[in-house]
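Open the model in your viewer and keep the sequence panel beside it. This tour moves from one selection to the next and says what is there.

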Amino acid sequence: MMKPSMKMGVIALIGVLVVFYQYHLSTGVRFDQLTDFNTGGSAEEARALSQDEVESYARTSTFTEEMIKSAVRRVQETNGLSPDVAALLVQELLNHLNKNTFYVSENGSKIQRPPPTVQSVAAAQQPSNKSAGTAEPLYIITPTYRRPEQIPELTRMSHTLMLVRNVHWLVIEDATVATKQVTALLARTGLKFEHLTAPMPEKYKQKKGAKPRGVSNRNRGLQWIRANATTGVFYFADDDNTYDIALFDEIRKTRSVSMFPVGLCTKFGLSSPIIKDGKFVGFYDGWIAGRKFPVDMAGFAVSVKFLLQRPNATMPFKAGYEEDGFLKSLAPLEPKDIEFLAENCTRVLAWHTQTKKNEPSVGLDLKLYGETNLVKLKQQIV
């Protein structure tokens, strides 16, 4: 019978290999290519990597704790690991990546050194003047729906969020069943994420005229935050917008409700609070429409603590008045109470860009192309 210590070593070794596999999926390098590199032969003919080789390779890869957790979660979902075993596997992987090891120098001698910890690797990926350990969490709520532009827009947004410290991405689809391509994309990013669904109620779908799109998604995000978060800031970030990386450091300053300009909004080309002599004097927006808070959805952020103190705050199913209705539900809140960011609202850090709409792709003729690469490619195109 295998000793407990040996069993734990095997579990950890398997876990490391799993993380390699997930990591190389996200970077475009296949595991069989890694095997070829080490052996000079095919994956089928290759010998198994030793534990020393695995650990040596691990220490040259930019793993983060979230990459490890994401990889284990994938294995848990596909292979039925129990939560206890999954948690144990994560801990063992972190222990293996954090312990001291030997590395081989150029002249072939072995030198002992303290390896970079998971935490230090993550910190090294951040700008040197920022401390990832002290950053409060940012919860990014992104409503989305199935369409040809969905995957490319979420891809673009994910690449922005990969540069942000301590971010938790809530991607919420207007659907009854989550889109598997979206799930696969999120798993590859290494980001901490939740993939949720929240379909628009049928009575609003049947309504003529403008529909309250994204409201059920955002309210689902608020529900998740109330159940799972206690500190930090949340921000409604649509997947068809463009965000300056500096925006996320700005909104992290939010103590109650903050606002900032958004570019490319309406015929005015801009939605922003108006600041004169350092004081708030009104709003500039192409559609005021009697709103108390005539701002774009991408133009404000809210403290989690501030939200939790207002258990009835919600976004109304009223097309055109979603932002205004939500901000009014945060009462007591007046425009003068807002924190104005982006250098007193003098910088545009969020842009209301919109991707060109595409028609759904034509179905693939399987008689002609059933044995080609087009089958896999079409699976990635809506």
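Contact here means heavy atoms within 4.5 Å. Keep that cut-off in hand for the first stop. Note also that this is a predicted model.

**Stop 1**

Select L333. It lies in the loop between α13 and β13. Is L333 buried or exposed? Its relative accessibility is 5%, so L333 counts as buried. Now show what touches it. Leaving aside neighbours within four places in sequence, L333 contacts V257, K292, F293, F306, L327 and I338. Next, draw a distance from the C-alpha atom of L333 to that of S256. The two are 77 residues apart along the chain, yet 9.3 Å separates these atoms.

**Stop 1: salt bridges**

Stay in the area and select K292 with E334. Their side chains form a salt bridge, N to O at 3.2 Å. This pair links distant parts of the chain, 42 residues apart. K292 sits in the loop between β11 (279-284) and β12 (300-303). E334 sits in the loop between α13 (322-328) and β13 (339-340). K292 counts as partly exposed, at 32% relative accessibility. E334 is also partly exposed, at 36%.

Move on to D285 and R291. They form a salt bridge too, with the closest N and O atoms 3.4 Å apart.

Now take R347 and E343. Here the closest N and O atoms of the salt bridge are 3.6 Å apart. R347 is partly exposed, with a relative accessible area of 32%. E343 counts as exposed, at 53%.

Then select R147, E149, E153 and D239 together. Salt bridges that share partners join these four residues into one network. How many salt bridges does the structure hold? The count is 13.

**Stop 2: the sheet**

Switch to cartoon view. Seven strands form an open sheet with mixed pairing. Trace them in the order β5-β4-β3-β6-β12-β8-β13. Which strands stand at the edges? They are β5 (192-197) and β13. Each has a single partner strand, so one side of each is left without a neighbour in the sheet.

Select strand β3, residues 138-144. Seven of its seven residues are buried, so β3 is largely enclosed by the rest of the structure. Show its side chains. In a regular strand, side chains alternate between the two faces of the sheet. In β3, L138, I140, T142 and T144 point one way. Y139, I141 and P143 point the other way.

Find I141 and look across: L170 in β4 stands opposite.

M259 stands opposite F300 in β12.

**Stop 3: helix α8**

Select residues 180-189, which make up helix α8. Colour its buried residues: Q181, V182, L185, L186, A187 and T189. Then step just past the helix to G190. This glycine takes a positive phi of about 80°.

**Stop 4**

Y284 belongs to strand β11. Y284 is partly exposed, with a relative accessible area of 35%.

**Stop 5: confidence**

Finish by colouring the model by pLDDT. The protein averages 80, and 68% of the residues score at least 70. Where does pLDDT stay under 50? One stretch is residues 23-46, for which the model has 25 contacts beyond four places in sequence. Another is residues 100-132, with 49 such contacts.

Methods. Residues are numbered from 1 along each chain as its sequence is written. Side-chain values use heavy atoms; hydrogens and water are left out. Helices (H or I, at least four residues) and strands (E, at least two) are DSSP runs, numbered from the N terminus. Buried means under 20% relative accessible area, exposed over 50%, partly exposed in between (1.4 Å probe, protein chains only). pLDDT is the predictor's confidence in each residue, from 0 to 100. Two strands pair if DSSP finds at least two bridges between them.
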